[in-house]
Amino acid sequence: MLDLLERQHIPIWSNQRNEKDPIIFGGGPVLTANPEPFAPFLDVVLLGDGENLLPTFIDTVQNVKHLPRLEKLKSLALIPGLYVPKFYLPEYDSNGKLKTIKPIHKNIPHLISKQTWRGNTLSHSAIITPDAAWPNIHMVETVRSCPELCRFCLASYLTLPFRTSSLEDGLIPAVEKGLTATNRIGLLGASVTQHPQFNDLLNWLNEDCFDDIHLSISSVRAATVTAEMTKILARHSSKSLTIAIESGSERMRKIVNKKLSEEEIFMAAKYAIDGGLTNLKLYGMVGLPTELEEDVEATADLLLRIKRQISNLRLTLGVSTFVPKAHTPFQWNGVRPEAKTRLKLLAKKLKPNGIQLRPESYGWSVIQALLSRSDRRLAPVIAAVRGSHTSLGGWKKAYRQIQEEHVSQENYNPMPLAKLPAWDEIIHEDWNTSRVLPWSHIQGPLNPKVLIDHQKQALTQNVQLNSKE
Ligand code: SF4
């Protein structure tokens with residue numbers, strides 16, 4: 001993002017832009033969850049669903065285009081869901097902990113509320129190109145959010161409530177539109193098979209006139225896989241089914257609220273092979289709160305048992321390290337350093353037995369946690385790390401440098417002198433639920449009290465399960 005700005009000769013810091021510069025705005029889940037690390041680069045952040053935000057944002061920009069830049073931004077800051085970071089002042093205590101983040105002008109809201117689209121259609125690809133991450137695929141958003149509320153899950157908690165696109169007014173016209181440009185259709189969403197008419201959609205796509213369509217769906221809940229579904233997918237050139245199990249340990253699945261039994265996982269594997277699919281991809285995590293080494297061994301054991309029972313199914317485990325995400329019940333839980341050795345443990349157990357392992361690098365998860373839980377004091381680090389941003393070493397070096405030089409406050413204002421917090425405090429420490437969070441001024445879908453309750457429920461499960469044992 002910063003490189004793009006520089007290439008256009010636009011100052012990267014919002015407070016260095018003047019009347020001739022455009023208004024730089026951003027949106028999407030990363031910025032909606034915690035915009036603070038990026039706040040000093042952006043003039044406006046759109047919090048929530050574009051369907052609501054973009055029309056109002058564009059209309060307001062048009063209406064105020066004759067005003068001086070500061071006045072334009074003040075008008076935008078009054079629109080629900082539009083966050084203008086420069087009008088909010090963070091204060092820190094003597095230990096560098098965030099104390100408050102308050103608006104600096106009266107009339108500007110203390111809490112900025114994320115906007116939620118409640119129409120009966122969702123989005124689909126606007127551009128189909130071979131250069132996309134998924135080349136030549138027309139993506140059709142089938143559902144938004146997920147009702148399952150797994151305690152770590154941003155895709156569920158940040159975008160609640162669970163919404164579905166109407167079959168007649170949304171999904172069918174969107175697929176038909178895509179088919180005028182490509183024969184590759186992707187059904188997209190955190191939990192597509194939970195659409196109440198998902199089977200009707202599949203049956204429609206299974207009609208003879210759609211024989212040459214390549215159909216792919218994102219990861220599905222194992223418990224919703226059916227024999228009919230895998231048959232239809234195989235008929236339309238899908239080779240694999242992806243299910244997220246999170247952990248092979250029933251104990252861990254209970255703690256994270258993954259309502260999935262081992263039997264359902266085995267049934268999904270069986271339906272995959274019976275339907276004609278050749279690959280089963282499973283997603284898992286290590287380093288979840290309260291996880292023990294034996295839970296990770298249970299994951300390896302489960303994969304090995306599936307492999308033994310259904311030997312001609314190619315198995316892949318994609319595994320990442322737990323990263324705390326804003327607005328989820330596990331936002332207060334830090335990254336666990338044990339995750340690194342647990343990734344190695346899985347590799348040792350699975351690779352020699354013909355199960356592919358696709359681990360996300362532990363270092364990359366740590367970088368994600370840094371972006372996920374930091375406040376705006378991280379911005380100078382982001383600016384300094386360019387060129388070496390793909391390595392954890394590069395981030396640590398930039399962090400140390402900014403911490404030591406204490407240069408952050410010179411780059412933008414309003415910004416009181418405040419040193420970067422300790423690295424471990426942001427990445428690894430479990431935070432007290434009474435802590436003021438960098439995103440406390442952003443109103444998410446659920447009251448923070450509900451998130452605390454959900455976190456407590458998870459941790460109480462741990463105590464109950466342990467005492468039963
Ligand atoms: S089922 Fe998947 S998408 Fe839904 S809450 Fe759980 S992890 Fe998130």
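The legends below describe close-up views of a predicted model. Local features need pLDDT of at least 70 and side-chain atom pairs count only at pLDDT 80 or more, while totals for chains, interfaces and linings use all residues. Residues are numbered from 1 along each chain as its sequence is written.

**View A. The two domains and the side of domain 1 that touches domain 2.** The chain is divided into domain 1 (1–113 + 375–437) and domain 2 (138–372), with bounds from an automatic or database domain assignment. Their C-alpha centres lie 33 Å apart. In this pairing, 16 residues of domain 1 are in contact with 17 residues of domain 2; contact means that the C-beta atoms of two residues, placed from the backbone, lie within 7 Å. On the domain 1 side, α2 (29–33), α15 (392–405) and α16 (423–427) each give two or more residues. Helices (H or I, at least four residues) and strands (E, at least two) are DSSP runs, numbered from the N terminus. The most comes from α2, with three residues. By class, this side of domain 1 has nine nonpolar, five polar and two charged residues. Ala, Val, Leu, Ile, Met, Phe, Trp, Tyr, Cys and Pro count as nonpolar, Asp, Glu, Lys and Arg as charged, and the others, Gly among them, as polar.

**View B. Residues around the ligand.** The shell consists of Cys146, Glu148, Leu149, Cys150, Cys153, Ala155, Ser156, Ala190, Ser191, Arg221 and Ala244, where a residue counts as near if its C-beta atom, placed from the backbone, lies within 6 Å of the molecule. Seven of these residues are nonpolar, two polar and two charged.

**View C. The buried face of α8.** Met229, Thr230 and Leu233 are the buried residues of α8. Seen down the helix axis, they fall within an arc of 95 degrees, so they line one face of α8; the arc is that of the directions from the axis to the C-beta atoms. These buried residues pack against α7 (198–205), β11, β12 (240–246) and α10 (262–275). After α8 comes Ser237, with a positive phi near 70 degrees.

**View D. Thr226, in the loop between β11 (214–217) and α8 (227–235).** The C-alpha atoms of Thr226 and Gly275 are 9.1 Å apart, although 49 residues separate them along the chain.

**View E. Lys344, in helix α12 (residues 339–350).** With 13 other C-beta atoms within 10 Å, Lys344 is partly exposed. Its C-alpha atom is 9.2 Å from that of Pro359, 15 residues away along the chain.

Technical notes. A residue is buried if 20 or more other C-beta atoms lie within 10 Å of its own, exposed if 12 or fewer, and partly exposed in between; C-beta atoms are placed from the backbone.
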